[in-house]
Amino acid sequence: MLKVNLLSILDLSSFSFMLHNFALIFFTLVILLLIALLHRQIKSSKLIKSYFDESSDGILISDINGQIIRVNKIICKLTGYNKNELLKMNLTELIDEKSLDKLPLQIGRLRNEEAYIINRLLKKKDGTKYYAEVSAILMSEGNVFSIVRDINIQKQTQIALEESEKKYRQIVENLSETVYSLDKDGNFTFITPAVGTITGFKASEIVGRNFIDFICEEDRSLVKKEFEQNKEGYYHPIEYRVALPNSEIKWVRSSSKPVIENNQFLGVHGIIKDITEKKLSEIALKESEEKYRELIEQSADGILIVNDNYDIILVNNYICDLLGYSKEEILKLNVKDTYVDGDVENLYKRKTLLDNKTVLHFERLAKRKDGTTFPVEISLKHINKDYIQGIMRDISERKKAELQLRNNEERYRSLFHKNLSVMLLIDPATGNIIDANQSAAKFYGYTTEELKRMNIERISILNLDDVLNILHNAVIGKNNHQQLKHVMSDGTVKDVETFMSPIILKDRKVLYGIVNDITEKLVAEENLKKLSTAVEQSPVSILITDTDGKIFYVNPKFCKLTGYSVEEAIGKNPRILKSGKNSQKTYEELWAAVTSGKTWHGELLNKKKNGDLYWENVTISPIKNSVGIITHYVAVKEDITKQKETIKELTEAKEKAEEASRLKSNFLANMSHELRTPLVGILGYSELLRNELKSAELKEWTDTINESGQRLLDTLNQILDLTKIETDRFEVEIIKVDIVETVSEVIKLFEKTAFKKDLFLKAVSGESHIYFNTDPNLIRLILSNLISNAIKFTHDGGIDVSIFLNQKNEKHELSISVKDTGIGIPNEKHKLIFEEFRQVSEGLNRGFEGSGLGLTLVKKYLEMLKGRIILNSSPGNGSEFIIKLPDINTSSSTNQFSTHPKHSIIHTA
Ligand code: ADP
């Protein structure tokens, strides 16, 4: 457009310049003719003189050879010479060398009486050059009359204009586009040579001819119509076909601009561009559009084709729907109209990126007709060098989904990573662990980073093939729950339960695995199995009810015991066992205990299905759930019917035995009394009889009666004492006694017997008096028994009775030892001899007389005194019986002493 304007300015200025020159020349010629006429016909020297002097032009008269004859003042001024100098000069001296060569030709023309006007380069006296217009005419006398007008300024301007025109002409002529001008009738007035490259016509062949001659028949009306429009001042670029001389056809695009001056249409200036190639490809495109229209229209993507200026050339309906334009509207748009403000510069940036080969993919916001925007994905590529194909896809949904996904991913991420369950993401194709959470790291003993570098095979005890098979089944949903064994970092193997399901992660199908450690669960299950077996096989019956008292479980023992089958028992109330023999209070206590969470123990007399009664030892405990709420009650019941019967029998037996014992004691007490009374008579009268008798033999007989009686009495006394002790009728009296004295008294009683057997019998004591709180009567009985036995079982040597008083923690302990040199007692008999009626040698052929009650009584007496007895003896080494007695407080009453002392009697070898 700019070029067209420049051209118009250039044309107009040269046009006016030419007009001006023609006017000047015309007037000069008129003057010259007038002067020549006057000179020839009037020959008035006065008139010439006045014209000479008053003319504004230089006037010079010379002869035909150029010798200056006359000049006016203006000539002097122009040339810088004075009149005198000039009158001696030839014309040629005033002309620049460059203009001299044409001088003879001009002189020749003068000689033919032709006037001429010529622009000539002249030189002044000082050598400066200047352009002058010289008009010359031959006068009648043969001299040459010249008018010299200084046109230096005009000429300089003209030269500048000519140079400028030349320069612009060069530019215009070198344009690849063809520039042209038409007159008001459509005839070419000017056209640049570039037209040749388009049409093959020379510019000269075109100028003067009407544009219509060159336009193809089909497009003539279009171009004519545009020309008519131009006349009205309107103009548009139009495309049409030009018919070439070789009958070829070229497509051109012409932009013309009307030239209108003073409301008058003078013509047009225009520019033509060859668009044949582009047009053909466009046609091809259109054709392919026809061909592929269906395809394009049915495309799920928006398709648009733009030219290299990004004007939209072709679109499918989908694009129209996307952008909210009609097809007609959109085809008038440029791609930038679908850009949001501020993004347009990216459009141009992309244009530079897009070469003929690359395909550009990018996302941007597209603007609809109503100004709303939405995200689209664009692919751009060149179809050919002039056209670009764009594919536009609405990605609003995808963006929304992406956002959703991002939110989901965020949620998933925190769900995954912060979950307390062990979680893994596994690539099912390879078994590689894609991700693992903190719980997994903690469980397996690896860091999450280490896990993410591992294959699942590393933590499984299975081989890769089996692992991949499991993963494959999980992917196809065949089996997503597995019980497996996993290896920890320290090598331990744990039982795990895995749940795997496929999920899509970044377009990839992966497995989402949750791993539960079931090692403890399996142990618990195993335990439960054992427990249930224990319960099932229990010898006690077990019954579980819910909190309403409905039976929920019974074990086989229950069924066996009660006669109810499992089916009969389940759902019933344990009331079915009620015999009506237990007190209501028992049941109240039972319920109060278990409902308050306590365990109840007790015995119940229940009833079997067949009506038989049975005793049960029952423990009922509440079962609480994890939050401490009672959900069930469990009763463990042991059938104690037999035990109860046994206890009953035993109790009866015991009662009978006690009765018998009592009867025995009574009998013995009575019998002793009954036996003792006659014995007193026997002993007394045998004593009296002995004193009366003189015969030694008769005396001996009475002695035997007396001794036998005494022996019988001793035995009777022993039996009586034992009976007394057993029937709690033996009384203990503690007093302070001199033990030395008491011992001496007892020894005295046995001195005679010892003497008879030729045995020594002596008492040994460190002190002459030892006072001790005890029952002297019992001490006497104890010592009598022991000394009597010692004498009886000793044949040689004798008996030492020693007394010691030991101080022990401020308490006194009295020890009395009766040591003999007799036959001794074997170790195994040490315990036995303290039992009633037991002796070392027993049976009919026993070697020693005696009842076997002596030591039994000793033991019982000692028990009453809270004492003990120690035996040191072995066969052949004699025997030593040591009694040890505690000091008993005299203030204590006799009642304090029980016949069943807590202290035991110690026997030592
Ligand atoms: P008894 O002397 O009337 O048979 P004991 O109860 O006094 O009844 O004695 C039980 C038995 O202990 C005696 O029969 C005897 O075998 C044995 N025994 C008791 N004292 C001695 C002793 N000093 N030396 C040897 N054996 C003795």
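A polar contact is a pair of N or O atoms within 3.5 Å. Keep that cut-off at hand for the two exercises below, which use a predicted model.

**Exercise 1. The ligand and its surroundings**

*Solution.* 

1. Start with Gln-839: one of its polar side-chain atoms is 2.5 Å from a ligand oxygen, and that distance falls within the 3.5 Å cut-off.
2. Next, take Lys-792, where a side-chain N or O atom sits 2.8 Å from an oxygen of the ligand.
3. Gly-852 takes part through its backbone, with a polar atom 3.2 Å from a ligand oxygen.
4. Now look at cover: the ligand alone exposes 530 Å², and the protein buries 95% of that.
5. Count the shell: 18 residues surround the ligand, with Asn-789, Lys-792, Asp-820, Gln-839 and Ser-851 the closest.
6. Sort the shell by class, and you find eight nonpolar, seven polar and three charged residues.
7. Finally, trace the shell to helices: H26 (776–792) and H27 (854–864) each give at least two residues, and H26 has the largest share, with three.

**Exercise 2. The setting of Asp-301**

Decide whether Asp-301 is buried or exposed, and find the partner of its side chain.

*Solution.* 

1. Locate Asp-301 in the loop that links helix H11 (276–298) to strand E11 (302–307).
2. Its relative accessibility is 15%, so Asp-301 counts as buried; the limit is under 20%.
3. List the contacts beyond four places in sequence: Asn-316, Tyr-318, Ile-391, Met-392 and Arg-393.
4. From that list, pick Arg-393, whose side chain makes a polar contact of 2.6 Å with the side chain of Asp-301.

Note on methods:
Residues numbered from 1 in each chain as written. Predicted model: local features only at pLDDT ≥ 70, side-chain atom pairs only at ≥ 80, totals over all residues. Heavy atoms only, no water. Helix = DSSP H or I, 4+ residues; strand = E, 2+ residues; numbered from the N terminus. Buried < 20%, exposed > 50% of the residue type's maximum accessible area, 1.4 Å probe, protein only. Polar contact = N/O pair within 3.5 Å; in protein donor to acceptor, adjacent residues only side chain to side chain. Contact = heavy atoms within 4.5 Å. Near = heavy atom within 4 Å. Areas by Shrake-Rupley, 256 points an atom, 1.4 Å probe, with all protein chains shown as cover. Nonpolar A, V, L, I, M, F, W, Y, C, P; charged D, E, K, R; others polar.
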